[in-house]
Amino acid sequence: MRAHLLLIAVVFVWGATFVLIKNALQDVSPLLFNVIRMTLAFGVLAIVYRSHWKHITRRALVSGAVVGFCLAMGYQFQTAGLRLTTPSKSAFITGLVVVLVPLLSAIPFLRSQGAHAPRWNVYVGALLAFGGIVLLTTPAHAAFGFDSINVGDLLTLGCALGFALHVLALAHTLPRVPFTQLAVLQIGFCALFMAISGPLFEHPHIRWTPRVMIALLIAALLATAAAFTIQTWAQQFLPATHTALILALEPVFAWLTSFVVLGERLGLRGSVGAVFILMGIACTEFLSNSMQPTAHEVIPLN
């Protein structure tokens, strides 16, 4: 019961941070926000796991760099897209990582050792999710053309791909590298890649307002550093199907938070699209026993 409750709390924090970060982006550029967030999280994890530093190997460093690059890709696209779209849309599109991971596993090079090729339900789930994306991201008065999709929604699709590659990279590296080392190194390299790429794609700026500082502290300490530790501990005691069901609640929590705080409503078309995405996630997750991913900094569940 404690594992269930703590993991639900983590997923709630992840869902709520969409609204929190959306508000903070009025006072800080998105990529700079990411750099500060990950640097703070890296500092905390480096202290918590300080006893593991002397055991870090070259393999761990290379693995951390690869996984950190994928994680940076996911967060850079997500935060840049969140500035241009709504929190609930961002969360539902990000949730597509659950569909993309088994779909990308159809490529032998990306499939981890022991993982199976995707079954029929993965392709059905992808088709449902694709239909949901079109409904969710196109305006109610528009036709079903991609030219009417918000740029922020397209960037968030890139985020889902980045997080999916992050899960696959973790599946390759975790059997060979201790998670405690990888947890620290991937966040450190993620912060490094963000610091390098940020100035190339934006003119960084920040106003140190209370909402920025609160968002940074919650995102860094709760949604990144603490979430890693809690999720890893909880998954020792939870069946994969229970974990997947809890993690699929993230976009729901994001929508509820956005509704309560911002008064955001998806409308009939958007709501149908959100349901289609959840149906695609459910079809992919619960009709297969293959590796099941989470929507954020994650490890395989089996």
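## A protein built from helices

The protein has 12 helices and zero strands. Both kinds of element are DSSP runs numbered from the N terminus, where a helix (H or I) needs at least four residues and a strand (E) at least two. From the N terminus on, the order of elements reads α-α-α-α-α-α-α-α-α-α-α-α.

This is a predicted model, in which local features need pLDDT of at least 70 and side-chain atom pairs count only at pLDDT 80 or more, while totals for chains, interfaces and linings use all residues. Residues are numbered from 1 along each chain as its sequence is written, and side-chain values use heavy atoms, with hydrogens and water left out.

### Burial and contacts overall

Of the 302 residues in the protein, 53% are buried. Buried means under 20% relative accessible area, exposed means over 50%, and partly exposed is in between, using a 1.4 Å probe and protein chains only. Contact means heavy atoms within 4.5 Å. Among contacts between residues at least 6 apart in sequence, 86% join residues at least 24 apart.

### Pairs of helices

Two packed helices are described by the angle between their axes and the distance between the axes. Axes are lines fitted to C-alpha atoms, for helices over the stretch in contact, and the angles run from 0 to 180 degrees between N-to-C directions.

| Pair | Angle between axes | Distance between axes |
|---|---|---|
| α2 and α8 | about 160 degrees | 8 Å |
| α3 and α7 | about 160 degrees | 7 Å |
| α1 and α4 | roughly 130 degrees | within 9 Å |

Helix α2 covers residues 30-48 and helix α8 covers residues 179-201. Their angle makes α2 roughly antiparallel to α8. Angles under 35 degrees count as roughly parallel, over 145 as roughly antiparallel, 65 to 115 as roughly perpendicular, and the rest as oblique. The crossing of α2 past α8 is left-handed. A crossing has this hand if the near helix is turned anticlockwise from the far one by less than a right angle, and is right-handed if clockwise. On the α2 side, the residues in contact include L31, M38 and F42, and on the α8 side they include I187, M194 and F201. By class, this contact has 15 nonpolar, four polar and no charged residues. Ala, Val, Leu, Ile, Met, Phe, Trp, Tyr, Cys and Pro count as nonpolar, Asp, Glu, Lys and Arg as charged, and the others, Gly among them, as polar.

Helix α3 (residues 58-82) packs with helix α7 (residues 151-173). These two are roughly antiparallel to each other, and α3 passes α7 in a left-handed crossing. The contact of α3 with α7 has 15 nonpolar, 10 polar and no charged residues.

Helix α1 is oblique to α4 and passes α4 in a right-handed crossing. Here F18, V19 and K22 of α1 meet P87, S90, A91 and T94 of α4. By class, there are four nonpolar, two polar and one charged residues in this contact.

K22 is found in helix α1 and is partly exposed, at 22% relative accessibility. K22 and L82 are 60 residues apart along the chain, and their C-alpha atoms are separated by 6.3 Å.

S90 sits in helix α4, which spans residues 87-94. S90 is buried, with a relative accessible area of 0%. Apart from residues up to four places away in sequence, S90 touches F18, Q78, L82, T85 and T156.

A9 also lies in helix α1, which spans residues 2-24, and counts as partly exposed at 37% relative accessibility. A9 and I230 are 221 residues apart in sequence and 9.6 Å apart in space, C-alpha to C-alpha.

### Nonpolar cores

A nonpolar core is a set of buried Ala, Val, Leu, Ile, Met, Phe, Trp, Tyr and Cys residues joined through side-chain atoms within 4.5 Å. The largest one has 42 residues, and those with the most contacts inside it are M38, L96, I187, M194 and I277. Helix α8 supplies the largest share of this core, seven residues. Leaving aside neighbours within four places in sequence, L96 is in contact with A129, I133, L157, A160 and I277. Another core, of 14 residues, lies apart from the largest one and includes F18, I21, V28 and I36.
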